[in-house]
Amino acid sequence: YSQFKSSNTTGSYQFSISGYSQSCIACQTCQSGQLPPEVIALDCSTKKNQQLWKLIPINSKSQTISFQSVANSSNCIEIIGEYYTTMSKCDKSNINQQFILNSPSNEFIAAAYNSSLCLTMGYFNCTISPFNEYPYCNQQLPTNQRVNDLVSRMNLYEKTQNLGTRQNQGVS
């Protein structure tokens, strides 16, 4: 979920997830102004303004950029730690808001302070395509069938990341 396809729309960019082209990077609650806004994946066909980003150069001498929300221009994508992505007030001096598009086709969005750390969208749910069509999202099916379907789709890393976390809410 770290690879993206970018498209330029009226001077702003939309980033869809490679392999899940129906899902785009979006600023949750940016338009409504609720805090804290989050960066999540939403269906590309809805809330388009929340999915548009201005790529703001940090300075003219580097490839480092900031991702500024078109829906609310005071908010930029920020990495907190190594695993959590959120929206914060735009600040060009904040190293956590500085990124590099590290390939000619903009497939990877790398952290400027650590190019081995890439932006990834790990928040998917049963309300967006194609996930809403998977058996594990069908609440009419027996629990064991849904669990077996979900686990069969997970790689080893995803399985280990879901062991013993309080934040994991599981299949509802």
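Mentor: Let us begin with the term itself: a disulfide here is a pair of cysteine sulfur atoms within 2.5 Å. Please keep in mind that this is a predicted model, in which local features need pLDDT of at least 70 and side-chain atom pairs count only at pLDDT 80 or more, while totals for chains, interfaces and linings use all residues. Residues are numbered from 1 along each chain as its sequence is written, and side-chain values use heavy atoms, with hydrogens and water left out.

Trainee: OK, how many disulfides does the structure hold?
Mentor: The structure holds three disulfides. In one of them C27 is joined to C30, with the sulfur atoms 1.6 Å apart, and this link is right-handed, with 70° about the S-S bond.

Trainee: Are C27 and C30 buried or exposed?
Mentor: Both C27 and C30 are buried, where buried means under 20% relative accessible area, exposed means over 50%, and partly exposed lies in between (1.4 Å probe, protein chains only).

Trainee: And which residue does C24 pair with?
Mentor: C24 is joined to C44 by a disulfide with an S to S distance of 2.0 Å. This pair links distant parts of the chain, 20 residues apart, since C24 sits in strand β3 (residues 20-28) and C44 in the loop between β4 (38-43) and β5 (53-57). Strands here are DSSP runs (E, at least two residues), numbered from the N terminus, and helices would be runs of H or I with at least four residues.

Trainee: Why does C44 count as buried?
Mentor: C44 counts as buried because its relative accessibility is 12%, and C24 is buried as well, with a relative accessible area of 1%.

Trainee: Switching topic, where is Q28?
Mentor: Q28 lies in strand β3 and is partly exposed, with a relative accessible area of 26%.

Trainee: Which residues does Q28 touch?
Mentor: Leaving aside neighbours within four places in sequence, Q28 is in contact (heavy atoms within 4.5 Å) with P37, E38, I40 and L42.
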